[in-house]
Amino acid sequence: MSFAETFKALSDPVRRQILELLKDGRLSAGKIAGHFDMTQATVSYHLKILKQADLIRETREKNFVFYELNLTVLEEIMMWLSELKGET
């Protein structure tokens with residue numbers, strides 16, 4: 001994981017909304033796209049950026065692609081921020 005990729009992914013409000021949607025559990029690409037007024041291709045682009053930053057995981061089941069949060073990366077970021085603040 002690269003912090004640069006992670007923070008780039010988190011800098012976009014649409015990608016942060018996608019992460020918010022996924023906090024309650026995994027969703028299909030179609031369900032995620034249904035929350036936005038943009039093309040499927042644009043949503044796919046945002047999912048790709050989140051995946052490259054290792055913030056989400058992709059699982060394929062038959063004809064569907066599901067996405068879920070990768071909490072490990074989020075925990076690493078939170079630990080780093082805590083250390084930066086001087087918390088142990």
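Some ground rules. Residues are numbered from 1 along each chain as its sequence is written, and side-chain values use heavy atoms, with hydrogens and water left out. Because the model is predicted, local features need pLDDT of at least 70 and side-chain atom pairs count only at pLDDT 80 or more, while totals for chains, interfaces and linings use all residues.

Let's start with the strands. Helices (H or I, at least four residues) and strands (E, at least two) are DSSP runs, numbered from the N terminus. Two strands pair if DSSP finds at least two bridges between them. S2 and S3 are joined by six bridges and run antiparallel. Ile56 stands opposite Leu69 in S3. The two strands, S2 and S3, form a hairpin, with two residues between them.

Now the turn. Which residue there has a positive phi? Lys62, at about 55 degrees. Lys62 is not a glycine. Lys62 counts as exposed, because its relative accessibility is 84%. For the cut-offs: buried is under 20% relative accessible area, exposed is over 50%, and partly exposed is in between, with a 1.4 Å probe and protein chains only.

On to S1, residues 27–28. S1 is antiparallel to S3, and two bridges join them. Ser28 sits in S1, and its bridge partner in S3 is Phe66. Is Ser28 buried or exposed? Buried, because its relative accessible area is 14%.

What does Ser28 touch? Contact means heavy atoms within 4.5 Å. Setting aside neighbours within four places in sequence, Ser28 is in contact with Val65 and Phe66. The side chain of Ser28 also reaches the backbone nitrogen of Lys31, at 3.1 Å.

Back to phi. Asp54 is another non-glycine residue with a positive value, near 65 degrees. Asp54 lies in the loop between helix H4 (40–52) and strand S2 (56–61). Asp54 is partly exposed, because its relative accessible area is 33%.

Last, helix H5, residues 71–85. How far apart are its end C-alpha atoms? They are 21 Å apart. The expected span is 1.5 Å times one less than the number of residues. H5 has 15 residues, so it should span 21 Å, and the two values agree. Just after H5 comes Gly86, with a positive phi of about 90 degrees.

To recap: S3 pairs with S1 and with S2. Positive phi turns up at Asp54, Lys62 and Gly86. That's it from me.

Notes: A polar contact is a pair of N or O atoms within 3.5 Å; within protein, one must be able to donate a hydrogen and the other to accept it, and residues adjacent in sequence count only if both atoms are side-chain atoms.
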